[in-house]
Amino acid sequence: MTLLLAGCIADLSVGVPEPSEQCNPEGLDVLLDVFPTCDLGICGDLPEHQARGRCVDDNQLGAEQLELLAPCANTAAPSHCVPVELVVTDGLTKPPVCASIGGAEGRCMSLCVPQIHAKRDQLPQDVCEEGKLCAPCYDPFTGESSGACDASVCDAPVEPPVTFPTCCEGKGGGSCAPRTLIPDDKEEKLGEDSCGATPEDDVCVPTGFGDTSYVPPTCDAGVILGEGRCLPTCIPLVNTIDIVLSQKNCPEAFQVCVPCSLNGDYCN
């Protein structure tokens with residue numbers, strides 16, 4: 001999860017800051033009215049939520065910002081929705097510090113950012129104001145930077161990464177994640193494995209499956225069964241049918257080629 005970088009409003013003439021003037025918590029003298037409010041649904045579901053972000057012309061944004069922001073549909077020129085606090089500071093401010101998933105260090109990030117909006121049911125609000133949620137500094141599955149705490153040149157994480165306990169040893173590995181973070185349709189297909197004494201709270205998520213964009217390797221389950229996906233035996237269903245199916249052309253020994261007819265969720 002890489003979030004916004006500094007200098008996202010090019011026509012405000014904010015150059016690369018000197019070390020002594022990297023932060024500008026007071027913001028710039030920006031006339032917000034020249035930027036249309038964002039489309040309904042980007043920053044929230046109610047009409048008043050539209051003012052949480054402003055549509056900024058694409059020619060004022062960098063390529064990285066364009067990839068991370070939602071496009072505005074109702075402007076004359078191509079534009080994307082930028083959270084108001086980034087418009088008035090040009091990204092040169094430190095977001096409020098908060099406690100995120102599992103109490104890990106985080107930053108208050110706007111729901112206008114698609115990656116935050118997509119995880120609105122998993123991220124806590126903590127001390128963040130309305131319209132913002134607390135994103136962790138590090139991905140709790142991998143320990144890699146999420147971008148939330150180093151998105152600005154005047155910010156950096158203070159605490160070390162907090163990651164979930166491991167599980168599924170010998171079966172591809174996984175992470176013990178709180179069930180509240182897993183969509184119901186996915187949770188029911190996962191097991192507890194070795195996730196401690198509180199299986200009602202944690203579920204074992206196979207390595208890689210914590211990333212919603214992860215796609216398991218494709219495999220050939222045979223002439224009759226057809227196309228399949230290489231799934232780890234960490235998944236209870238796969239572990240159960242392991243005696244019937246085989247590894248086929250899956251790259252790892254802990255993987256089984258499960259035909260799409262048995263596992264449509266991972267083939268879609």
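Predicted model: local features only at pLDDT ≥ 70, side-chain atom pairs only at ≥ 80, totals over all residues.
User: Why is Cys154 called buried?

Analyst: The relative accessibility of Cys154 is 15%.

User: What makes His117 buried or exposed, and where is His117 found?

Analyst: His117 is found in helix 3. With a relative accessibility of 15%, His117 falls under the 20% limit and therefore counts as buried.

User: Which residues does His117 touch, leaving out those up to four places away in sequence?

Analyst: Those residues are Gly41, Ile42, Gly44 and Leu111. A contact calls for heavy atoms within 4.5 Å, and each of these four residues touches His117.

User: On to the cysteines, then. How do you know that Cys55 and Cys72 form a disulfide?

Analyst: Their sulfur atoms are 2.1 Å apart. The rule asks for a pair of cysteine sulfur atoms within 2.5 Å, so Cys55 and Cys72 are joined by a disulfide. In general terms, such a link is a covalent bond between the sulfur atoms of two cysteines. The structure holds 12 disulfides.

User: Which hand does the link of Cys55 and Cys72 have, and what parts does the pair tie together?

Analyst: The link is left-handed, with -95 degrees about the S-S bond. Cys55 sits in strand 1 (residues 53–57) and Cys72 in strand 2 (residues 70–72), so the pair ties together parts that are 17 residues apart in sequence.

User: Why are Cys55 and Cys72 called buried?

Analyst: Set each value against the 20% cut-off. Cys55 has 3% relative accessibility and so counts as buried. Cys72, at 10%, is buried too.

User: What makes Cys108 and Cys128 a disulfide, and how do you know its hand?

Analyst: The S to S distance of Cys108 and Cys128 is 2.1 Å, which lies within the 2.5 Å limit, so the pair counts as a disulfide. The torsion about the S-S bond is about -85 degrees, and therefore this link is left-handed. The pair joins distant parts of the chain, 20 residues apart: Cys108 belongs to strand 5, while Cys128 belongs to the loop between helix 3 and strand 6 (132–136).

User: Are Cys108 and Cys128 buried or exposed?

Analyst: Buried means under 20% relative accessible area. Cys108 has 5% and is therefore buried, and Cys128, at 6%, counts as buried as well.

User: What is the hand of the disulfide of Cys219 and Cys257, and why?

Analyst: Here the torsion about the S-S bond is about 95 degrees, so the disulfide is right-handed. The sulfur atoms of Cys219 and Cys257 are 2.1 Å apart. This pair links distant parts of the chain, with Cys219 in strand 10 (residues 218–220) and Cys257 in strand 12 (residues 255–259), 38 residues apart. Both Cys219 and Cys257 are buried.

User: What makes a space a cavity, and how many of 30 Å³ or more are counted?

Analyst: In a cavity a 1.4 Å probe fits but cannot get out. By that rule there is 1 cavity of 30 Å³ or more. The largest cavity has a volume of about 40 Å³. Ala104, Glu105, Cys137, Tyr138, Glu159, Pro160, Pro161 and Val162 form its lining, which divides into 6 nonpolar, no polar and 2 charged residues.

Definitions and conventions
Residues numbered from 1 in each chain as written. Heavy atoms only, no water. Helix = DSSP H or I, 4+ residues; strand = E, 2+ residues; numbered from the N terminus. Buried < 20%, exposed > 50% of the residue type's maximum accessible area, 1.4 Å probe, protein only. 1 Å grid on protein atoms, 1.4 Å probe; cavity = no way out; pocket = protein on both sides within 12 Å on 5 of 7 lines; lining within 4 Å. Points joined across faces, edges and corners; volume = space filled by probe spheres on them. Nonpolar A, V, L, I, M, F, W, Y, C, P; charged D, E, K, R; others polar.
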